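Q: I'm new to this one, could you walk me through it?
A: Gladly, here is the model.

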Amino acid sequence: MSKPIEFEERGEIQIIRPSGELTYLCANELISAVHDRMSLGRRKYVLDFGLLDFIDSSGIGALLLLRQSIHTAGGKLVLAEVSESIRG
């Protein structure tokens with residue numbers, strides 16, 4: 001990613017904004033950051049892709065892992081602002 005992952009907290013909701021490219025170079029950073037917040041009891045997440053230009057298979061794998069982790073913990077993950085280029 002060209003910039004660090006941005007986090008915003010709105011009440012109970014954690015908004016995550018990756019920017020640039022979500023690839024093998026930063027997928028673990030995203031996973032670790034969300035797991036850190038989950039350990040604090042955070043369970044509701046919005047992944048805002050508005051600043052994301054590209055996602056590779058490692059990034060998709062990270063999303064699937066996070067979705068499973070959050071779901072298993074009784075939480076919810078929602079994707080927002082998914083551009084046409086990301087939907088591909």
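Predicted model: local features only at pLDDT ≥ 70, side-chain atom pairs only at ≥ 80, totals over all residues.

Q: How far apart are the end C-alpha atoms of helix 1, and what span should its residues give?
A: Helix 1 runs over residues 27-39, and at 1.5 Å a residue its 13 residues should span 18 Å, while its end C-alpha atoms are 19 Å apart, which agrees.

Q: Which residues of helix 1 are buried?
A: In helix 1 the buried residues are Ala27, Leu30, Ile31, Ala33, Val34 and Met38. They cover an arc of only 165 degrees around the axis, so they lie on the same side of helix 1.

Q: And what is exposed on the other side of helix 1?
A: There, Asn28 and Ser39 are exposed.

Q: What covers the buried residues of helix 1?
A: The cover includes strand 1 (6-10), strand 2 (13-17), strand 3 (20-22) and strand 4 (44-48), together with helix 2 (57-72).

Q: Changing topic, how many residues does the largest nonpolar core have?
A: That core has 19 residues, and those with the most contacts inside it are Ile16, Leu22, Leu30, Val34 and Leu63. At least two residues each come from helix 1, strand 4, strand 5 (52-55) and helix 2, and the largest share, five residues, is supplied by helix 1.

Q: Which residues is Leu30 in contact with, leaving aside its neighbours within four places in sequence?
A: With those neighbours set aside, Leu30 is in contact with Ile5, Ile16, Leu22, Leu63 and Leu66.

Q: Last one, what follows helix 1?
A: Helix 1 is followed by Gly41, whose phi is positive, near 95 degrees.

Note on methods:
Residues numbered from 1 in each chain as written. Heavy atoms only, no water. Helix = DSSP H or I, 4+ residues; strand = E, 2+ residues; numbered from the N terminus. Expected span 1.5 Å × (residues − 1). Buried < 20%, exposed > 50% of the residue type's maximum accessible area, 1.4 Å probe, protein only. Arc of directions from axis to C-beta. Contact = heavy atoms within 4.5 Å. Core = buried A, V, L, I, M, F, W, Y, C linked by side-chain atoms within 4.5 Å.
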